[in-house]
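Hi,

Here is the structure I promised to pass on. Have a look at it first, and then read my notes below.

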Amino acid sequence: MKIDVTVLAATEFFAIPWLVGQDQDFFSKRGVEVENILAGSGGSATLRTQLSGDAPIGEIGYKSVLDAWSQDIPVRAVGGGAQGPYGGEFYALADNDRVNGIADIKKWAYTNPGSSVYALSFLLPKEAGLSTDGERIAAGGVGEGAALLEAGTVDAAWLPPSLASRNKGKFKQVVATSDYLTDFQQSVITTSPAYAEEHPDVVRAVLAGWQESARWIAENPNRAAQLYAEHVDLPVKAAVGVVKGAIESNVWNVGFNPAALERATEAAVVSGFKGEVDYCEFFDGSFLPEGAARELPTKCGT
């Protein structure tokens with residue numbers, strides 16, 4: 001079986017387990033060939049890429065999937081993904097003496113509505129005990145926040161780790177997400193209920209391959225960084241920094257993490273989500289590989 005997958009911010013660390021799975025045959029040895037990693041542009045745009053194309057499985061921002069599910073769009077979370085705060089940092093221009101910390105930010109730039117970055121722009125000031133009333137401006141993509149900073153349109157912007165690592169003298173970090181959050185579900189691995197019913201072995205193979213990839217990255221960070229550097233045309237030294245930062249924050253986990261899910265739901269509510277989350281309906285853990293955690297924030301019937 002050959003499939004494509006769609007991955008939010010596919011030029012960032014989210015893509016690394018998929019790249020490793022391709023390179024090390026962790027998917028193909030289970031009977032599934034992941035041919036192309038299709039890039040989404042963050043948030044709901046990535047989910048639209050998945051639902052409108054031929055990519056039956058994707059790794060999508062948590063809030064985007066939650067919003068879609070609450071609107072009865074046929075999508076289910078079948079695996080974990082990025083569960084730590086790594087990569088959620090906000091930056092200002094290095095020579096901007098007025099903006100040096102989270103309390104100085106009045107205008108935030110994020111990627112797209114529904115993205116985890118959008119949610120963080122509300123949750124972080126809330127966790128800091130500050131007002132969440134500041135202005136939010138959609139940059140329209142993963143790296144476009146840099147242009148808004150340079151134009152003086154915003155005080156701070158989320159910048160992806162790869163871009164920040166290339167421009168250490170140009171931008172300064174003013175919000176480190178790990179100062180305020182530990183567990184945080186940035187993304188979930190998704191498919192449609194219909195596809196899962198028609199191709200359960202494919203879903204299981206992809207999740208098992210992804211799990212093996214995450215373990216391999218922890219044991220082979222330099223080789224994983226080389227694959228990533230080739231994928232995004234990033235200097236290897238910078239790629240090593242990205243990979244090791246992700247490993248140190250325990251960002252990759254194919255299973256479920258109740259604390260990460262609850263915090264992500266809190267962020268979704270802060271940024272406008274309304275309604276109750278039925279985790280037992282929203283998530284389907286029946287495809288997870290052996291050894292993956294299946295615990296959800298609420299107990300589900302057998």
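Let me start with an open sheet of five strands, ordered β8-β7-β9-β6-β10 and with mixed pairing. Its edges are β8 (135-138) and β10 (171-175), each with a single partner strand, so one side of each has no neighbour in the sheet. Direction ignored, neighbouring strands here are turned by 35° against each other on average. Inside the sheet, β6 (residues 90-93) and β9 (residues 156-158) pair in the antiparallel sense over two bridges, and Tyr91 has Ala157 in β9 as its bridge partner.

Some ground rules before I go on. This is a predicted model, in which local features need pLDDT of at least 70 and side-chain atom pairs count only at pLDDT 80 or more, while totals for chains, interfaces and linings use all residues. Residues are numbered from 1 along each chain as its sequence is written, and side-chain values use heavy atoms, with hydrogens and water left out. Helices (H or I, at least four residues) and strands (E, at least two) are DSSP runs, numbered from the N terminus. Two strands pair if DSSP finds at least two bridges between them.

Now to another open sheet of five strands, which has the order β2-β1-β3-β11-β4 and mixed pairing. Its edge strands are β2 (33-39) and β4, each pairing on one side only. β1 and β2 run parallel and are joined by five bridges, with Val7 facing its bridge partner Ala39 in β2.

Which strand of this sheet has five of its five residues buried? That is β11 (residues 187-191), so it is largely enclosed by the rest of the structure (buried means under 20% relative accessible area, exposed over 50%, partly exposed in between, with a 1.4 Å probe and protein chains only). Both of its faces are covered, with Ser187, Ile189 and Thr191 on one side and Val188 and Thr190 on the other. β3 (residues 57-61) runs antiparallel to β11 and is joined to it by four bridges; Gly61 stands opposite Ser187. β4 (residues 76-79) also pairs with β11 in the antiparallel sense, over three bridges, and there Gly79 is opposite Ile189.

α1 lies across β1, β2, β3 and β11, at about 155° to β2 (axes are lines fitted to C-alpha atoms, for helices over the stretch in contact, and angles run from 0 to 180 degrees between N-to-C directions). α8 (residues 200-219) touches β1, β3, β4 and β11, and its direction makes about 60° with that of β3.

Phe14 sits in the loop between β1 (2-7) and α1 (16-23). At 4% relative accessibility, Phe14 counts as buried. Leaving aside neighbours within four places in sequence, Phe14 contacts Val7, Leu8, Ala9, Glu59, Ala82, Gln186 and Ser187 (contact means heavy atoms within 4.5 Å).

Last, a helix pair: α9 (residues 221-232) and α10 (residues 236-248) pack at about 125°, with axes 8 Å apart. They are therefore oblique to each other (under 35 degrees counts as roughly parallel, over 145 as roughly antiparallel, 65 to 115 as roughly perpendicular and the rest as oblique). Residues making the contact include Pro221, Tyr228 and Ala229 of α9 and Val236, Lys244 and Ile247 of α10.

Cheers
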